[in-house]
Amino acid sequence: MKTYRIAVIPGDGIGKEVVPAAIEVLDQAAHLDGSFQFEWTTFPWGCDYYLETGKMMPDNGIEILKGYDQIFLGAVGMPNLVPDHISLWGLLIKIRREMKQSINVRPAKLLQGLPSPLRKPNDFDLVVVRENSEGEYAESGGRIHSGQDEVAIQNAIFTRKGTERAMRYAFEIAKTRRQHVTSATKSNGITYSMPFWDEVFVQVGKDFKDIGQVSTHIDALAAFFVMKPESFDVIVASNLFGDILTDLGGAIMGSIGIAPAANLNIERQYPSMFEPVHGSAPDIAGQGIANPLGQIWTGKMMLDFLGYHELGTRVLNAIEATLAQGIKTADLGGTSTLRDVTSAVLNHLR
Ligand SMILES: NC(=O)c1ccc[n+]([C@@H]2O[C@H](COP(=O)([O-])OP(=O)(O)OC[C@H]3O[C@@H](n4cnc5c(N)ncnc54)[C@H](O)[C@@H]3O)[C@@H](O)[C@H]2O)c1
Ligand SMILES: O=C(O)C[C@@H](O)C(=O)O
Ligand SMILES: [K+]
Ligand SMILES: [Mn+2]
């Protein structure tokens with residue numbers, strides 16, 4: 001039997017609750033399939049680890065992770081105890097960078113059984129391809145002087161390689177979907193990087209003449225996510241624009257607690273990392289009321305990446321059947337617990 005060795009990093013807050021729930025579902029999915037199994041190895045890295053050791057993960061953490069097939073992560077961050085830029089750059093973003101997980105795929109669609117907060121949504125089904133290695137998230141800049149003279153500089157870095165890679169990937173997946181890519185730009189306000197982004201989009205687009213292509217300013221695009229989400233198929237966005245758009249993608253589905261994500265090393269040279277869009281939700285952590293569906297759907301994306309598409313579809317069907325039954329956590333207006341929702345998904349998967 002094929003065994004996949006998965007490194008598990010529950011991380012902080014609700015990550016510690018939703019990850020075990022999703023593992024139960026993935027184990028059952030593997031059992032149903034019968035041809036493979038998961039071997040999970042859990043690492044206690046995160047803010048608690050930082051408070052004990054002064055590091056978010058050990059110095060050889062990346063080397064350790066390279067020994068696994070994939071990484072399954074919950075969320076990182078305890079802003080009351082560790083500054084967010086320290087915790088995220090010490091674990092989540094460090095892994096994304098060092099494992100060259102340069103593409104972050106984040107779908108959003110109108111789910112059966114889950115009313116969208118939009119008043120009369122048409123059926124939407126979109127996917128955001130977020131550039132995941134550079135852009136506005138660049139360790140370039142600094143702070144000098146103090147008091148009234150203080151200066152902070154943060155440079156955004158866009159390379160042709162990174163920009164092209166994200167755009168090519170977006171066009172490739174559009175080929176398998178509804179044949180359309182929207183590029184999120186802001187070349188009216190940002191005068192160097194975004195005109196460059198637009199030029200690369202036109203150049204890459206020439207290799208995909210059969211795919212519809214349009215550039216839309218991110219401000220208008222955000223409004224269209226609310227007003228006419230059904231008009232989108234694939235959206236390619238820079239790191240920060242993609243970050244913001246995908247919380248919005250979660251929101252129009254019903255909650256950011258259900259939005260899934262996959263940080264892909266598309267070259268398959270290193271493990272990819274599967275972790276949902278949402279964070280550690282300190283406001284509800286430890287109460288057993290977090291929505292596990294984002295983490296479970298993220299597990300479905302891992303199944304897809306491993307080639308088990310039909311099984312992945314069964315997991316998504318079980319999620320929708322659970323919602324249709326009215327078994328929902330508080331973020332979706334329900335009264336069910338994380339345990340109730342997980343049990344229902346397991347039942348529907350059987
Ligand atoms: N990928 C990640 O690990 C990641 C992503 C976003 C934020 N963060 C970190 O998480 C911490 C909290 O950030 P935030 O509050 O801005 O965002 P958040 O996503 O953690 O929470 C935003 C709101 O959504 C709710 N929510 C999120 N996930 C939910 C779920 N599964 N079920 C029910 N409700 C859910 C929370 O209760 C909160 O009200 C910060 O430290 C931040 O840096 C980490
Ligand atoms: O900014 C980030 O990438 C962290 C988090 O908000 C995410 O979306 O993964
Ligand atoms: K997350
Ligand atoms: Mn985010």
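Student: At 6% relative accessibility, does His278 count as buried or exposed?
Tutor: Residues are numbered from 1 along each chain as its sequence is written, while chains are lettered from A and ligands numbered from 1 in the order in which they are written. In this predicted model, local features need pLDDT of at least 70, side-chain atom pairs count only at pLDDT 80 or more, and totals for chains, interfaces and linings use all residues; side-chain values use heavy atoms, with hydrogens and water left out. Buried means under 20% relative accessible area, exposed over 50%, and partly exposed in between (1.4 Å probe, protein chains only). His278 has 6% relative accessibility, so this residue counts as buried.

Student: How far is a polar side-chain atom of His278 from a nitrogen atom of ligand 1?
Tutor: A polar contact is a pair of N or O atoms within 3.5 Å; within protein, one must be able to donate a hydrogen and the other to accept it, and residues adjacent in sequence count only if both atoms are side-chain atoms. For the polar side-chain atom of His278 and a nitrogen atom of ligand 1, the distance is 3.5 Å.

Student: How far is a polar side-chain atom of Glu275 from a nitrogen atom of ligand 1?
Tutor: Glu275 counts as buried because its relative accessibility is 3%. Its polar side-chain atom and a nitrogen atom of ligand 1 are separated by 2.8 Å.

Student: How much of ligand 1 does the protein bury?
Tutor: Accessible areas come from the Shrake-Rupley method with a 1.4 Å probe, and for residues only the protein chains shown count as cover. Ligand 1 exposes 790 Å² when taken alone, and the share buried by the protein is 74%.

Student: Which residues coordinate the potassium ion (ligand 3)?
Tutor: Donors are N, O and S atoms within 2.8 Å of the metal (3.2 Å for Na, K and Ca); water is not among the atoms, so sites may look incomplete. Along the chain, the donors follow the spacing G-x200-E-P-x1-H. At 2.6 to 2.7 Å, the coordinating residues are Gly74 (O), Glu275 (OE), Pro276 (O) and His278 (O).

Student: Which helix gives the most to the shell around ligand 1?
Tutor: Helices (H or I, at least four residues) and strands (E, at least two) are DSSP runs, numbered from the N terminus. The protein has eleven helices and twelve strands. With three residues, the helix that gives the most to the shell is H4 (residues 84-98).
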